[in-house]
Amino acid sequence: QVQLVESGGGLVQAGGSLRLSCAASGRTLSTPARGWFRQAPGKEREFVAAISWGGGSTYYADSVKGRFTISRDNAKNTVYLQMNSLKPEDTAVYYCAAGGNSAYPNDYWGQGTQVTVSS
């Protein structure tokens, strides 16, 4: 089992920035890849970004490319999502995920953190 705890969500104006963090514990080596997904009200959960164990491979949804950056600190078992130039359409609950697929890690999930971008 892997436990994931997100933090860093909040309310920000359009054009602003936020950094999300996700701390992992448990059998983290069994699920080396990490990712972020989001779910807006009335919509399905969608992929945002993912990163491989060593950080050498990163993947992004087209909607966030150039604005969001995923990174990780394995010494701290923590993954980050730096979100810049936020838009109202980025408003969602953001979920941290862990898994074996570097491009789409979805075996374990955190509880989610709310990000609200006001116009």
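Tutor: A word on terms to start: two strands count as paired if DSSP finds at least two bridges between them. Keep in mind that this is a predicted model. With that, look at the open sheet of four strands, ordered S1-S3-S8-S7 and paired in the antiparallel sense. S1 (2–7) and S7 (68–73) sit at its edges with a single partner strand each, so one side of each has no neighbour in the sheet. On average, neighbouring strands here are turned by 20° against each other, direction ignored. At the S1 end, S1 and S3 (residues 18–26) run antiparallel and are joined by six bridges; Gln3, for instance, stands opposite Ser25 in S3.

Now move over to S11 (residues 113–118). Its covered face carries Thr113, Val115 and Val117, while Gln114, Thr116 and Ser118 make up the uncovered one. S11 pairs with S2 (residues 10–13) in the parallel sense over four bridges, and Val12 stands opposite Val117 there. With S9 the sense is antiparallel, over three bridges, and Ala92 has Val115 as its bridge partner in S11.

Follow S9 (residues 92–99) along and you get to Gly99. Gly99 has a relative accessible area of 0%, so it counts as buried, the cut-off being under 20%. Setting aside neighbours within four places in sequence, Gly99 is in contact with Thr31, Pro32 and Ala33, as well as Pro105, Asn106 and Asp107. Trp109 is 10 residues away from Gly99 in sequence, and their C-alpha atoms are 9.2 Å apart.

Notes
Residues numbered from 1 in each chain as written. Predicted model: local features only at pLDDT ≥ 70, side-chain atom pairs only at ≥ 80, totals over all residues. Heavy atoms only, no water. Helix = DSSP H or I, 4+ residues; strand = E, 2+ residues; numbered from the N terminus. Buried < 20%, exposed > 50% of the residue type's maximum accessible area, 1.4 Å probe, protein only. Contact = heavy atoms within 4.5 Å. Axes fitted to C-alpha atoms, helices over the stretch in contact; angles between N-to-C directions.
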